[in-house]
Amino acid sequence: MQEFIHRLPQLAKDKHNENKKFFARLKKKPPKKLDQIMQELHDEEFSNTDCLQCANCCKTTGPLFTNKDVERIAKHLRMKPHEFEEEYLQVDEEGDLILQQTPCTFLGTDNYCTIYGVRPKACREYPHTDRKKFQQISNLTIKNVAICPAAYNIVEKMKANMNLNANSS
């Protein structure tokens, strides 16, 4: 797994143009059952994927924090929301609240999240491969295939699946 994670940025870079073209076609003409197809691919991949063996998302990127996330996590940590923000978060160039550092402050050495039950919405939904109207988040997905082995595998299976369906029409 670690070797695959190490190779992932280069694999994603090699597939970047192919993925951009694929997602452009998908955006123009999404299949009727795209959400169902994505849910099936997502479920299949995550039945074989143990995120605790990887945690690359927590090690290399930081989620966006909503106000609800801040309130929920601060309460869990018995802090005031502004104290939580001061200690752990910063505002990025787009005005979003993000972690001050990566890897994530809440990632343990065992790859467990110390705030898992109250983690940010962005973490709960990552890598967003089971999201409705999946074709609308293609730029995010292209970024995620360089970080998440499961997202990479899902996109590769998705391209193969869509090409098979296109060829059988």
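In the predicted model, helices α4 and α5 are roughly perpendicular to each other, since α4 (residues 67-76) and α5 (residues 81-88) pack at an angle of about 95°, with their axes 8 Å apart. The contact between these helices brings Val70, Glu71, Ile73 and Ala74 of α4 against Pro81, Phe84 and Glu85 of α5. By class, five nonpolar and two charged residues take part in the contact of α4 with α5, and no polar ones.

Aromatic side chains were examined next, and the count of aromatic pairs comes to seven. In one of these, the ring centres of Phe23 and Phe134 lie 5.9 Å apart and the planes stand at 50°, so the pair is tilted. Because Phe23 belongs to helix α1 (residues 2-28) and Phe134 to the loop between α6 (121-125) and α7 (138-144), the pair ties together parts that are 111 residues apart in sequence. Phe23 counts as buried at 2% relative accessibility, and Phe134 likewise counts as buried, at 0%.

A further aromatic pair, that of Phe84 and Phe106, is stacked, with 6.2 Å from centre to centre and 15° between the planes. This pair links distant parts of the chain, given that Phe84 lies in helix α5 and Phe106 in the loop between β3 (97-99) and α6, 22 residues apart. Phe84, which also takes part in the contact with α4, is buried with a relative accessible area of 0%, while Phe106 counts as buried at 5% relative accessibility. Phe84 and Phe106 form one aromatic cluster together with Phe65 and Tyr88.

An arrangement of charge and ring is found at Tyr116, where the charged end of Arg119 sits over the ring, 3.7 Å from its centre.

Technical notes:
Residues are numbered from 1 along each chain as its sequence is written. This is a predicted model: local features need pLDDT of at least 70, side-chain atom pairs count only at pLDDT 80 or more; totals for chains, interfaces and linings use all residues. Side-chain values use heavy atoms; hydrogens and water are left out. Axes are lines fitted to C-alpha atoms, for helices over the stretch in contact, and angles run from 0 to 180 degrees between N-to-C directions. Helices (H or I, at least four residues) and strands (E, at least two) are DSSP runs, numbered from the N terminus. Angles under 35 degrees count as roughly parallel, over 145 as roughly antiparallel, 65 to 115 as roughly perpendicular and the rest as oblique. Contact means heavy atoms within 4.5 Å. Ala, Val, Leu, Ile, Met, Phe, Trp, Tyr, Cys and Pro count as nonpolar, Asp, Glu, Lys and Arg as charged, and the others, Gly among them, as polar. Rings of Phe, Tyr and Trp (its six-membered ring) pair if their centres lie within 6.5 Å; planes under 30 degrees apart count as stacked, over 60 as edge-to-face and the rest as tilted. Buried means under 20% relative accessible area, exposed over 50%, partly exposed in between (1.4 Å probe, protein chains only). A charge sits over a ring if NZ of Lys or CZ of Arg is within 6 Å of the ring centre and within 35 degrees of the ring normal.
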